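The following note concerns the model shown below.

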Amino acid sequence: MRALERIDRRIIYLTLIVIVAIMTLTPAGLPLLISRETRLAYDTIEKLPAGAQILYSLDLDIMGWLQGGPQAIAFLQHLLNRPLKIVLIGWRPDSEFLILKTLTSVDLKGKKYGVDYVNLGFVAGGETAMAGFAADLRKVVRTDYGGTNLDEIPMMKTITSAKDFSLVVCPNTGEPGALGFIRQWRIPYNVPIITSQPPMTVPEFVPHVQAGTLVAALPAIRSSAEYELLIKKPGLGIAAQDAVSLGTLALLAFIVIGNIGTVWASKSGANRK
Amino acid sequence: MIGALITSVMVVMVWSWLYRHNIFFSFAEHTIVGIAAGYAMAVGIGNLQKLAYEPIVKGTDYSLLFPIVFGVLLFSRFSRVGSWLASYPLALIIGTGTGVAMRVIIDAQVVRQIIATIPLLAKPVGLDLFNGVIIVVTLVTTVVFFLYSAEHKGLVGRAARIGKFAVFVVLGNLYGSAISTRIGHVAGQMVVLLIESAPVSFGIVAIAVAAILVDILRRRSKQ
Amino acid sequence: MLMIADYFLTFSGVKALATTVQRWVVVISTIALALGVANITILHGRIVLKRRGKWYLSLWQIFIMWLIVVMGSVLTTAHPLFRLLFDNMYLNPYNTIVTLLCFSTFAAGYRALKIRTLETAVFFVSALFLMLMLAPIGEIIWAGFPIIGRWVADVPSVGSMRGLMIGAAVGLVAVGLKTLLGLERGWLGRE
């Protein structure tokens, strides 16, 4: 029983790898309930009027792509499914590449570049640039990602500042991210914001949702699976869920085993005394 | 096919650290750091061209020469003699960033949070009022827990103790979320390795497992 | 101060100046992206020149870094060759390094999460409900897990998180004021 307290860490690693690998190759297809927040985010986008202008701000870094990527793809697909005008932008260097990756992962539904969507790429400057963009976007961005002047792009002719946007959709993993948008877009210009976050940062944003400064803050991995169900386009989000379930149970089992081992060891030590 | 091979090899090299630190992991590590830095600069060059170079060359905005000179001053930090010059552009970045964040932080993170909390106590008797009372109590006691200008005795001490438990609830919440996040990471990478990079990845994994087994046997025979 | 004045005042001169300064900061921040390359080249260049330790890895790092700079600038980041290298030698391996955190967290949970006091019990119960709320298997084991987990996340956790947020915001304002008034100079590398 004392051995329960001293399991080699490599056995723990191997257990996790085997469990996740088996679930990845042979998913059990566990049922998934749609949460209130995911439903709220979905309905908010569904209720947008035709022609509404949306800022899609992809603030993931490479590290966050694994967990936030499926949600980012699901959000963009949903926006493209609807008759909306989408401006894509990112405030982190990795955003430029990840926006291109996201665009190649979605079905564009026949939408035309420059008319229905435009990619502004990465804009340096973090929250400062975000604030400048909100006040007068042409002071911060002059061309799209491909170098075309904004005034030559049809859909950008009517967009000058944050006031022209109906919604910000922001899959992100940190600064400036959702907090930057709350401070620089929601509070001064009252633009609603939907965000997806790494699950461990969602508790920080629940107060903002309850205070009304955010529409919804979705925990990226779980919500991506739910969102894929809602837009009827299964992807990586759903594929990862079974592994998350079994992996969680494995961790709980190890914690229990560790505690049993410790209790046994302390009782044996007390008995010997 | 080439992409799948490169991905499989790199992923297996990184995960070889789980067995023990080795040269393959170090190689992968150096590759990742190098590409990260190079990519940031490549993106920066592209952006600078659109943002500053073209307006200056076309004669539309010569004032952009000033931030370019200022930005170049940042590199003086590598010089022992002139490193003080880097303080000026850094001051501009830090000062602007601090001002931009500070001007709304009280509104977003204090005032609106308090405004959202107070009406919770005006709810009709029932679950909503109960929840509202819990939120207010945990908010106040957490603030008291971090209050260092008063001794934690008597009423303040009892409030701080409740606040301590409230903080542990949040920490448990964050830990639980972190676990989900991290397992999701592993699951995502498994999909990349075992599904998107298959069947090449199976061969690479088999080679890696064989190498590890050989190493284990070799070490045991040495002992 | 200019940024704060811009937010609270409506003089057009202040707003124009603030917008200009914001533009300048964007340009300077863009140039700052090259600092990482400069730093690595100098640091690892010294290691290569002196043939210290695993200098061949430093040489490889400098080579791949400059290769990416040249490819990204000349071919652009949308080019298939750039994407082949970036996706397969950076994106996926970097995410794999992140997964190492999961393994460490697992091992740490097993070794360190010993429920000996009331505080750690509260910590564990809160974590348990959150984990089983986020994992689909939670609602299969017991329908109460997502319900109680949701309550823990929306009620006691929110209250305490708001308290932490308020404290952090006040602290941030204090540090921000000290920075703006020159009393805090840690960012300059001085005390």
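1. In which sense do strand E1 and strand E2 of chain A pair, and over how many bridges? Strand E1 (residues 53–57) and strand E2 (residues 85–90) of chain A pair in the parallel sense over five bridges. Pairing requires that DSSP find at least two bridges between two strands. Within this pair, Leu55(A) stands opposite Val87(A) of E2(A).

2. The model is predicted: local features need pLDDT of at least 70 and side-chain atom pairs count only at pLDDT 80 or more, while totals for chains, interfaces and linings use all residues. Residues are numbered from 1 along each chain as its sequence is written, and chains are lettered from A and ligands numbered from 1 in the order in which they are written.

3. Chain A holds an open sheet of six strands with parallel pairing, in the order E3-E2-E1-E4-E5-E6. Its edge strands, each pairing on one side only, are E3 (117–122) and E6 (216–219) of chain A. Helices (H or I, at least four residues) and strands (E, at least two) are DSSP runs, numbered from the N terminus. From one strand to the next, the twist averages 15 degrees; axes are lines fitted to C-alpha atoms, for helices over the stretch in contact, with angles from 0 to 180 degrees between N-to-C directions.

4. Helix H4 (residues 93–105) of chain A packs on the sheet and touches E2 and E3 of chain A. The direction of this helix makes about 145 degrees with that of E3(A). Contact here denotes C-beta atoms, placed from the backbone, within 7 Å.

5. The contact between the chains takes 44 residues from chain A and 39 residues from chain B. On the chain B side, H6(B) gives the most, with 19 residues.

Notes
Two residues are in contact if their C-beta atoms, placed from the backbone, lie within 7 Å.
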